[in-house]
Amino acid sequence: MTILVDDARWPWRERRWAHLVSDESYEELHRFAASIGKRRTAFQGDHYDVDEAERELALAAGAVAVDSRELVARLRAAGLRQQSARQADDRLSDAGT
């Protein structure tokens, strides 16, 4: 089991946010997120956004701090990375040219 969290550096609503992911399964991620008080409705397709306080809770509960590039690389390697709608549109456009 590896739950990963990157740095809380994305500003929104006067807070800084990080991403919480699993490099094993979504089920593992959902269980972990629930254990730190995140609601399932906060799931963002392949991650949970966590603010600075939630990031600290995640680290205390056993999440591993990584930089953003490693987080995405490990998510992709596990086959759990979801592409955004824009990325999907770009790929379809590229395929048609």
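Biologist: Which residue's side chain meets that of Glu 56 in a salt bridge?

Modeller: Please note that this is a predicted model. A salt bridge requires a side-chain nitrogen of Lys or Arg within 4 Å of a carboxyl oxygen of Asp or Glu. Here the N to O distance is 3.7 Å, and the partner of Glu 56 is Arg 55.

Biologist: Is Arg 55 buried or exposed?

Modeller: Residues under 20% relative accessible area count as buried. Glu 56, with 49%, is partly exposed. Arg 55 has a relative accessible area of 11%, so Arg 55 is buried.

Biologist: Which residue is linked with Arg 55 and Glu 56 in a network of salt bridges?

Modeller: The structure holds seven salt bridges. Some of them form a network that contains Arg 55, Glu 56 and a further residue, Asp 7.

Biologist: How many residues apart in sequence are the parts that Arg 15 and Asp 51 tie together?

Modeller: Arg 15 and Asp 51 form a salt bridge, with their closest N and O atoms 2.6 Å apart. Arg 15 lies in strand S3 and Asp 51 in strand S4, so the parts tied together are separated in sequence by 36 residues.

Biologist: Where does Lys 38, the partner of Glu 54, lie?

Modeller: The closest N and O atoms of Glu 54 and Lys 38 are 3.3 Å apart, and the two form a salt bridge. Glu 54 belongs to helix H2, while Lys 38, 16 residues apart from it, is in the loop between H1 and S4.

Biologist: Which element gives the most residues to the largest nonpolar core?

Modeller: This core has 12 residues in all, including Ile 3, Leu 20, Phe 32 and Val 50. Strands S1, S3 and S4 and helix H1 each give two or more residues to the core. The greatest contribution, three residues, comes from H1.

Biologist: How are the rings of Tyr 26 and Phe 43 arranged, stacked or edge-to-face?

Modeller: A pair of aromatic rings is described by the distance of the centres and the angle of the planes. Planes over 60 degrees apart count as edge-to-face. For Tyr 26 and Phe 43 the centres are 5.7 Å apart and the planes make an angle of 70 degrees, so the arrangement is edge-to-face.

Technical notes: Residues numbered from 1 in each chain as written. Predicted model: local features only at pLDDT ≥ 70, side-chain atom pairs only at ≥ 80, totals over all residues. Heavy atoms only, no water. Phe/Tyr/Trp six-rings, centres within 6.5 Å; stacked < 30°, edge-to-face > 60°. Core = buried A, V, L, I, M, F, W, Y, C linked by side-chain atoms within 4.5 Å. Buried < 20%, exposed > 50% of the residue type's maximum accessible area, 1.4 Å probe, protein only. Helix = DSSP H or I, 4+ residues; strand = E, 2+ residues; numbered from the N terminus.
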